[in-house]
Amino acid sequence: MEIRNIITFLKVAGTQNFSKAAEQLGYSQSAVTVQIQHLEKELDTQLFERIGKRVYLTEKGQEFVFYANEIMKVTNRALSFSKKSSVPRGKLKIGGVESVCTALLPDLILKLHKTCPEIEIVIKSGTTADLIEMAKGNDLDLIFTLDQKICNPEWICAAQRTEEIIFVTLGKENREKKSAPIQELVREPFLLTEMGAAYQYELERLLSERGLRISPVLEIGNTETIINLLKKGMGVSFLPEFTVRKELKKGKLVQITTDLPGVKMYSQLFYHKNKWVTPQMQAFMDMMTGEEVY
């Protein structure tokens, strides 16, 4: 049984698409097809059902995911046993939602680099659903989400924290907070993140219960751009408190309290239960558990 066929199997299982798997692996689609066929012949069972352009794991295919991950864990241990060092080294692939990548990861990465300079860090951003799929395909070691609390036996949570989502605007007055009825606030020009952020869905749900909605003047996935525009006096936004913490402390932005129930989400760091925890993963998780910036 060839390791490359196992890697290809996990990639196809994660992407549910032969073309995407081939592109990510740097193979031709026909090569991916042949590798899967060889694996199915060796195992004497069908691993995938092919329906249109999508492929789906059969019952036996879903069962084999566990064994494939176990094989990769042992393989990785075998490849690294002679390279043990007191200083972790190697590649660390972290996936995060945009707000986490912008506001939380930079300080964490800086500290990790100072203590473990030989770790090569790769960051990918996406929605929680995107990150989970990438991790299932072994494209990510760790995923850093901001969402409703995720409790799933398939994933191991290494760290979590409750995050407050708040309304913010330009700090024209020297005070920490200002207040406004939500019926009035929704008439303000709003700068919102693109659809896909869990906290935005929750805001829309709360507003719809009151027969209200926001018509944003700008929707953009980059929270940094929104913050810069807010500091120039362009409207109001609804953002995780940690993304604007520095601006609030400096008085450049101010929080707006309303009669709407508060919105809270969870920032969580996960890895797959079958994932072999590499020294570089462990170093990052150890740093997270007692880290002041998190």
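Guide: Beyond its neighbours within four places in sequence, K11 is in contact (heavy atoms within 4.5 Å) with A21, Q24, L25, G137 and D139. This is a predicted model, where local features need pLDDT of at least 70, side-chain atom pairs count only at pLDDT 80 or more, and totals for chains, interfaces and linings use all residues. Residues are numbered from 1 along each chain as its sequence is written, and side-chain values use heavy atoms, with hydrogens and water left out.

K11 belongs to helix α1 (residues 3–15); helices (H or I, at least four residues) are DSSP runs, numbered from the N terminus. With a relative accessible area of 7%, K11 is buried. Buried means under 20% relative accessible area, exposed over 50%, and partly exposed in between, with a 1.4 Å probe and protein chains only.

Helix α2 (residues 18–25) in turn packs on helix α3 (residues 29–43): their axes come within 8 Å and cross at roughly 105°. The axes are lines fitted to C-alpha atoms over the stretch in contact, and angles run from 0 to 180 degrees between N-to-C directions. α2 and α3 are therefore roughly perpendicular to each other, a term for angles of 65 to 115 degrees. On the α2 side the contact is made by F18, S19 and A22, and on the α3 side by Q29, V32, T33 and I36. By class, this contact has four nonpolar, three polar and no charged residues; Ala, Val, Leu, Ile, Met, Phe, Trp, Tyr, Cys and Pro count as nonpolar, Asp, Glu, Lys and Arg as charged, and the others, Gly among them, as polar.

Next, the cores. A nonpolar core is a set of buried Ala, Val, Leu, Ile, Met, Phe, Trp, Tyr and Cys residues joined through side-chain atoms within 4.5 Å. The largest has 62 residues, and F167 and F284 have the most contacts inside it. Apart from that core lies another, of 18 residues, among them A13, A22, I36 and F48.

Last, the cysteines: the structure holds zero disulfides, a disulfide being a pair of cysteine sulfur atoms within 2.5 Å. The sulfur of C116 is 20 Å from the closest cysteine sulfur, in C101, too far for a bond. The sulfur of C151 is 8.0 Å from its closest, in C157, also too far. C116 is buried at 8% relative accessible area, whereas C151 is exposed at 65%.

Terms used:
Helices (H or I, at least four residues) and strands (E, at least two) are DSSP runs, numbered from the N terminus. Angles under 35 degrees count as roughly parallel, over 145 as roughly antiparallel, 65 to 115 as roughly perpendicular and the rest as oblique.
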